[in-house]
Amino acid sequence: MKKHTIKGKLTFLFLILLLTFSMLFAAGCQKFTKSTDDAKEEFPSASESSSAKENAAPADTAAPDAAQLKVGTWKTAQTIQPFFYDQFIDKSSGIEVLPFTNPGDQKTALLSGGLDMTGTTLVTAITAASNNEPVRIVTSLCNKCSALVAGVNSGIETEADLKGKTIAYVPGTMHHALLLDVLERNGIDPEKDVELVRIDFFDMGQALADGTIDAFCSGEPYPSEAVKNGYGKILSYPYFDDSIGTINAAMIVTEDTIKNKPEEVQKMVDAHIKATQYLNENQDAWLDKAEEFGTEKDLLKIAADNIELCWDIDDAFIQNTKNLAQKMLDLGIITKMPDIDSLFDLTFLENAKKNQ
């Protein structure tokens, strides 16, 4: 009886040891498998690695205690640079990009302290300055991007043919100002000679396709989409050197941010310049990222010819901004003319140029 008890105890101990060993072995296998999977994610295959080395921007990882800077923009091909700031920003700072759909909301978030810098249209920046809101333009964001589109069956061949036609627009926008500039140059009275109808940008294409309107003035990619899908044709790119030119959007900060965090503003401007240069030299990287926002790459390739990613601001840019402000005043978009020269703070661009 005693021998059986000892034998049973030994058997029990053996089973315990066997079970423990099995569990340790399984855990080791699981850890090894996970490490292998992690390695696959971190190190791409030879072909992936080669492609990445050819086209990828240099990656910078922010330090654990890095200051987190918040930047606003839109998810569009023409306002894409902030999505690449983290690859070029100084390691002592991190970047959080917050996408918006309305430039007015971007400006409000900036003024309330929710953003350190944001992209905005020049129309919005001028409006803010006219209302004595403490914003400053520190770098440009994009030029061009607009087009006047006519329906393929509208009978419109030249800008002069717009007389008597129905044209869609969005009031108070850059495209509104450009459209009125076109009409004025062709001796067309916007109140008597044409019917201007307010339609949201993303609905203009359908309205043109079904004949509700004869033409529209809009930003990319809607003009290129109309051409690609066969219901529209580009009537003109309304960029006039003696007027508004090709200016479109810029990056703004507040006076307080410039005063209290000038080093951080400089880091963001430096990152903007480098991101812009990188994307202008690597169109696939630009359009691949833009495609993630919901527009097919084939369409983006067409629209890209009418988009200029930019960072610099010269005398012509400032003069064109003054011309735009005057047109906004004439249109009643603003009620007083702001000091456009003081709207710009070019200190950070000048510093960046010295260090290039």
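Visitor: Which residues in H10 do Tyr278, Leu279 and Glu281 in H9 meet?
Guide: This is a predicted model. In it, Tyr278, Leu279 and Glu281 are the H9 side of a contact between two helices. On the H10 side, the residues they meet are Gln283, Ala285 and Trp286.

Visitor: How do the residues of the contact of H9 with H10 divide into nonpolar, polar and charged?
Guide: Tyr278, Leu279 and Glu281 come from H9, and Gln283, Ala285 and Trp286 come from H10. Sorted by class, the residues of this contact are four nonpolar, one polar and one charged.

Visitor: Is H9 roughly parallel or roughly perpendicular to H10?
Guide: Two packed helices are described by the angle between their axes and the distance between the axes. For helix H9 (residues 262–281) and helix H10 (residues 283–291), the axes are 5 Å apart and the angle is about 100°. Angles of 65 to 115 degrees count as roughly perpendicular. Therefore H9 and H10 are roughly perpendicular.

Visitor: Which strands stand at the edges of the sheet of six strands?
Guide: The sheet is open, its pairing is mixed, and its order is S2-S1-S3-S10-S4-S11. An edge strand here has a single partner strand, so one side of it is left without a neighbour in the sheet. The strands in that position are S2 (93–100) and S11 (307–309).

Visitor: What angle does the direction of H9 make with that of S4?
Guide: H9 packs on this sheet, where it touches S1 (67–74), S2, S3 (117–121), S4, S10 and S11. Its direction and that of S4 make an angle of about 5°.

Visitor: Which residue in S10 stands opposite isoleucine 137?
Guide: Strand S4 (residues 135–144) pairs with strand S10 (residues 247–254) in the antiparallel sense, over seven bridges. Opposite isoleucine 137, the residue in S10 is isoleucine 252.

Visitor: Which are the edge strands of the sheet of five strands?
Guide: This sheet is open with mixed pairing, in the order S7-S6-S8-S5-S9. An edge strand pairs on one side only, and here these are S7 (195–198) and S9 (232–236).

Visitor: At what angle to S8 does H6 run?
Guide: Strand S8 (residues 215–219) pairs with strand S6 (residues 166–169) in the parallel sense over two bridges. Helix H6 (residues 201–209) lies across S5 (146–151), S6, S8 and S9. To S8, H6 runs at about 150°.

Technical notes
Residues numbered from 1 in each chain as written. Predicted model: local features only at pLDDT ≥ 70, side-chain atom pairs only at ≥ 80, totals over all residues. Heavy atoms only, no water. Axes fitted to C-alpha atoms, helices over the stretch in contact; angles between N-to-C directions. Helix = DSSP H or I, 4+ residues; strand = E, 2+ residues; numbered from the N terminus. Parallel < 35°, antiparallel > 145°, perpendicular 65-115°, else oblique. Contact = heavy atoms within 4.5 Å. Nonpolar A, V, L, I, M, F, W, Y, C, P; charged D, E, K, R; others polar. Pairing = 2+ DSSP bridges.
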